[in-house]
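Please look over the sequence and the model before reading on.

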Amino acid sequence: MNTRSLLIAVAVIAVVLVPPVIAQAAPRSEPLDESAALNLLERTLKQDHIYTHRISWDCISYITEETTSAYFQFVLRENHNAKCGGDPETSPAIDRYRVYRSSGKIKQWEAAEDTWEPYKSAQTK
């Protein structure tokens, strides 16, 4: 193989392999909006089966409690109706989460310590 063919082969490999690596390492170009943050939270909780054995997903509602330039804070509440049961005059909080706009990181409120802790899936708890 001559030098010219070798250089062409290296260039082709670089063009094919380097862009995906750069794309994975690049930070978010746009911060999350409220809808994207909520979708990320819901997708994460469902993927980790956090409430699967505790309550039906149809019986959970998400409410935005706080919006800042850094994060969205969501409270998950029980739906009380004919399908889900419970007193329709109440809607107990299940958990609270913050989803950070720029990083997509999730924190969960730990009531006993009154602190926000990094989210841990059920497998890491």
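Which strands does H2 lie across? This is a predicted model, and in it H2 lies across S1, strand S2 (71-78), strand S3 (93-100) and S4, running at about 50° to S2.

## The sheet

The open sheet has 5 strands in the order S1-S2-S3-S4-S5, and their pairing is antiparallel. Strand S1 (60-67) and strand S5 (115-118) are at the edges; each has a single partner strand, so one side of each is left without a neighbour in the sheet. On average, neighbouring strands of this sheet are turned by 30° against each other, direction ignored.

Strand S4 (residues 106-110) runs antiparallel to S5, and 4 bridges join the two. Opposite Lys107 stands Pro118 in S5.

## Thr44 in helix H2

Helix H2 (residues 34-47) contains Thr44. Thr44 counts as buried because its relative accessibility is 17%, under the 20% limit. Its side chain reaches the backbone oxygen of Leu40 at 2.8 Å. Apart from neighbours within four places in sequence, Thr44 is in contact with Ile106 and Tyr119.

## Aromatic rings

A pair of aromatic rings is described by the distance of the centres and the angle of the planes. The count here comes to 4 aromatic pairs. One of them joins Tyr51 and Trp57: the ring centres are 5.8 Å apart and the planes stand at 80°, so the pair is edge-to-face.

Tyr51 counts as buried, at 1% relative accessibility. The ring of Trp57 also has the charged end of Lys46 over it, 5.5 Å from the ring centre.

Notes:
Residues are numbered from 1 along each chain as its sequence is written. This is a predicted model: local features need pLDDT of at least 70, side-chain atom pairs count only at pLDDT 80 or more; totals for chains, interfaces and linings use all residues. Side-chain values use heavy atoms; hydrogens and water are left out. Buried means under 20% relative accessible area, exposed over 50%, partly exposed in between (1.4 Å probe, protein chains only). A polar contact is a pair of N or O atoms within 3.5 Å; within protein, one must be able to donate a hydrogen and the other to accept it, and residues adjacent in sequence count only if both atoms are side-chain atoms. Contact means heavy atoms within 4.5 Å. Rings of Phe, Tyr and Trp (its six-membered ring) pair if their centres lie within 6.5 Å; planes under 30 degrees apart count as stacked, over 60 as edge-to-face and the rest as tilted. A charge sits over a ring if NZ of Lys or CZ of Arg is within 6 Å of the ring centre and within 35 degrees of the ring normal. Two strands pair if DSSP finds at least two bridges between them. Axes are lines fitted to C-alpha atoms, for helices over the stretch in contact, and angles run from 0 to 180 degrees between N-to-C directions.
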